[in-house]
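Student: Can you walk me through this one? I'd like to go a bit at a time.

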Amino acid sequence: MAVLIDGKAISAQIQEELKEKVSVLRNKGVEITLAVIQVGSDPASCVYVRNKKRACENIGIRSLTYELPVETTEKQLLKLIEELNGRTDVNGILVQLPLPEQIDEAMVIQKIDPQKDVDGFHLRNVGALCSGQNGFVPCTPAGIMQLLKRSGIEVAGKECVVVGRSNIVGKPMALLLLQENGTVTVAHSKTEDLKAVTRRADILIVAVGKPKMITREYVKEGAAVIDVGIHRNEQNKLCGDVDFADVEPVCKAITPVPGGVGPMTIAMLMNNCVESVL
Ligand code: NDP
């Protein structure tokens, strides 16, 4: 039976550690403030924003929420970001994605001061990650590295396969594994014979956005499997990109959905907020 990688517990542990750091900073007179901007009221975004605010409260980070109407123009949003960039009492700025179609997401992200870009999406931070320099690292892949580390899963020298090459998960994930000396392959929708590629993996990270796509034929016996996907099935229950029931018996370790990667994303956002004042 595979070891269950408990993201909920590891996230709680990281948040406890951060709480301690925030309290030490507060005693030195340093307050941390995260500004969260949401445009429109997409239900999933509302849940994410609420969870982020809750995590801030739990850790002792002040959060400012800007709930803008769905018809907000790009110009109005850029103006707000400019104001927040200029405020010395705001350390982190997060724009909840996706944005309504009249707003160019890339343009908005580039407007955020890279030193306040706690999501790690600004090109300056992307460049820092590519070249191994300090910067904010995107929260989901950073969280996965913590899951591996804190579960004692060695990356150095191992075959790591990342399925998915998005800017927010797949690509930064590959770079982080490479930084830890993994031998990294990135697969995507044009990959020929995906099963042959994924079956090489000692560590298989799946971020394809396709419910239960990865069955045991894709997995090498004894691999560690990390499932990034989040979906709701026909019964309105959460499931991942990996068919958990099918894959669990053949692997060494696996993340569940829910309770695997999801909680880590928030923990690492909080970590980036703390880093923003260090
Ligand atoms: P994207 O849709 O941006 O990227 C999906 C990637 O998967 C693309 O690179 C695509 O390839 C690849 N892909 C799609 N179909 C196949 C296929 N049949 N075979 C091989 N590769 C395929 O998704 P994200 O990276 O943003 O997210 C992935 C999943 O993770 C989603 O379910 C999302 O909800 C979830 N997620 C969860 C988070 C968390 O906190 N737990 C955070 C972020 C995302 P190509 O580039 O060729 O099109």
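Student: Where is proline 98 found?

Tutor: Proline 98 sits in the loop between E4 and helix H4 (105-111). Helices (H or I, at least four residues) and strands (E, at least two) are DSSP runs numbered from the N terminus. This is a predicted model, so local features need pLDDT of at least 70 and side-chain atom pairs 80 or more, while totals for chains, interfaces and linings use all residues. Residues are numbered from 1 along each chain as its sequence is written, and side-chain values use heavy atoms, leaving out hydrogens and water.

Student: OK. What kind of peptide bond joins leucine 97 and proline 98?

Tutor: A cis one, with omega about 0°. Valine 257 and proline 258 are also joined by a cis peptide bond, omega again about 0°. Proline 258 is in the loop between strand E11 (253-254) and H10.

Student: And which residues have a positive phi without being glycine?

Tutor: Lysine 212 is one, at about 55°, and asparagine 236 is another, near 65°. You'll find lysine 212 in the loop between strand E7 (203-206) and strand E8 (224-227). Asparagine 236 is in the loop between strand E9 (231-232) and strand E10 (238-239).

Student: Is lysine 212 buried, exposed or partly exposed?

Tutor: Partly exposed, because its relative accessible area is 41%. The cut-offs are under 20% for buried, over 50% for exposed, and partly exposed in between (1.4 Å probe, protein chains only).

Student: What about threonine 88, buried or exposed?

Tutor: Threonine 88 has a relative accessible area of 81%, so it counts as exposed. That residue lies in the loop between helix H3 (74-86) and strand E4 (92-95). From threonine 88 to glycine 170 is 82 residues in sequence and 33 Å in space, C-alpha to C-alpha.

Student: Switching topic: how many residues surround the ligand?

Tutor: There are 22, each with a heavy atom within 4 Å of it. The closest are Arg165, Ser166, His188, Ser189 and Thr265. Helix H10 (residues 261-275) gives the most to that shell, with three residues.

Student: What is isoleucine 61 in contact with?

Tutor: Setting aside neighbours within four places in sequence, isoleucine 61 is in contact (heavy atoms within 4.5 Å) with Val22, Ile32, Leu34, Cys56, Met270, Cys273 and Val274.

Student: Ile32 is in that list. Where is isoleucine 32, and why does it count as buried?

Tutor: Isoleucine 32 is in the loop between helix H1 (7-27) and strand E2 (33-39). It counts as buried because its relative accessibility is 3%. Beyond neighbours within four places in sequence, its contacts include Val22, Leu25, Asn91 and Val274. Isoleucine 32 and valine 274 are 242 residues apart in sequence, but 7.1 Å apart in space, C-alpha to C-alpha.
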